[in-house]
Amino acid sequence: MIEVRNIHKAFGEKTVLNGIDLSADAGQAVTLIGPSGTGKTTLLRCINLLDAPAEGSIEIDGVKVTATDVNKKNALALRRKTAMVFQQYNLFRNQTVLQNVIQPQVLVKKTDKKLAEQRAFTFLEQVGVQDLAKAYPSQLSGGQQQRVSIARAWHLIQR
Ligand SMILES: Nc1ncnc2c1ncn2[C@@H]1O[C@H](COP(=O)(O)OP(=O)(O)OP(=O)(O)O)[C@@H](O)[C@H]1O
Ligand SMILES: [Mg+2]
């Protein structure tokens, strides 16, 4: 049985989870549905404490951890009750979104950097992540990373 109560999580100024509750019985299949970037993965990462929730509690099969009382021992006990399949789109972790999109063009096709940048913004805008141009992949949701990958692929097939 899983009982998630009042989970809060923010990244800097941006509140992603604002008091989330969730219950699931043993054997029950639960689906989280919502637009890209709204916090589905963040909730899962809070449930296994890969991300630290600011508030709330998580209980799985009798192991209960409260956000304000996380330590190595209870985190490990909770993680032993969970497993996760990760989203992965193979962006370069040490490069920003913009660098990820223009680098292949500039390196492989020797495109002028200014032109590559202009095009990159067009493609990033088309997939709705232009505001994230300066962010690093680790700061993006899975779907946002997927969209950057799409922008990079589009960019790379331009002449
Ligand atoms: N480490 C981080 N630093 C800053 N912002 C982050 C970080 N991780 C996630 N975010 C932001 O938090 C929001 C929620 O991300 P999350 O990965 O939970 O979304 P999601 O619902 O799983 O989206 P998707 O359907 O695209 O996978 C996004 O707007 C994302 O940009
Ligand atoms: Mg996700």
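Analyst: Gladly! Contact here means heavy atoms within 4.5 Å, and helices are DSSP runs (H or I, at least four residues) numbered from the N terminus. This is a predicted model, in which local features need pLDDT of at least 70, side-chain atom pairs count only at pLDDT 80 or more, and totals for chains, interfaces and linings use all residues. Side-chain values use heavy atoms, with hydrogens and water left out, residues are numbered from 1 along each chain as its sequence is written, and chains are lettered from A and ligands numbered from 1 in the order in which they are written.

User: Which residues of α5 does α3 meet?

Analyst: On the α3 side, the contact involves Val-97, Asn-100, Val-101, Ile-102, Pro-104, Gln-105 and Lys-109. By class, this contact has seven nonpolar, three polar and two charged residues; Ala, Val, Leu, Ile, Met, Phe, Trp, Tyr, Cys and Pro count as nonpolar, Asp, Glu, Lys and Arg as charged, and the others, Gly among them, as polar. The partners in α5 are Val-148, Ala-151, Arg-152, His-155 and Leu-156.

User: Is α3 roughly parallel or oblique to α5?

Analyst: Axes are lines fitted to C-alpha atoms, for helices over the stretch in contact, and angles run from 0 to 180 degrees between N-to-C directions. Angles under 35 degrees count as roughly parallel, over 145 as roughly antiparallel, 65 to 115 as roughly perpendicular and the rest as oblique. The axes of α3 and α5 come within 9 Å and cross at roughly 25 degrees. That angle makes α3 and α5 roughly parallel.

User: At what angle do α4 and α5 pack?

Analyst: Helix α5 covers residues 142-156, and its axis lies 9 Å from that of α4. Among the residues that meet are Phe-123 and Leu-124 in α4 and Trp-154 in α5. The angle between α4 and α5 is about 135 degrees.

User: How many charged residues does the contact of α3 with α4 have?

Analyst: Helix α3 (residues 97-109) and helix α4 (residues 113-126) have axes that come within 9 Å and cross at roughly 130 degrees. In α4, the residues meeting α3 include Lys-113, Glu-117 and Arg-119. Alongside nine nonpolar residues and one polar, the number of charged residues is three.

User: Which residue has a polar side-chain atom 2.7 Å from an oxygen atom of ligand 1?

Analyst: Ligand 1 is surrounded by 17 residues, each with a heavy atom within 4 Å of it. Polar contacts (pairs of N or O atoms within 3.5 Å) include a backbone N or O atom of Gly-37 at 2.8 Å from a ligand oxygen, and a polar backbone atom of Gln-139 at 3.2 Å. The side-chain contact at 2.7 Å comes from Ser-141.

Technical notes: Helix = DSSP H or I, 4+ residues; strand = E, 2+ residues; numbered from the N terminus. Polar contact = N/O pair within 3.5 Å; in protein donor to acceptor, adjacent residues only side chain to side chain.
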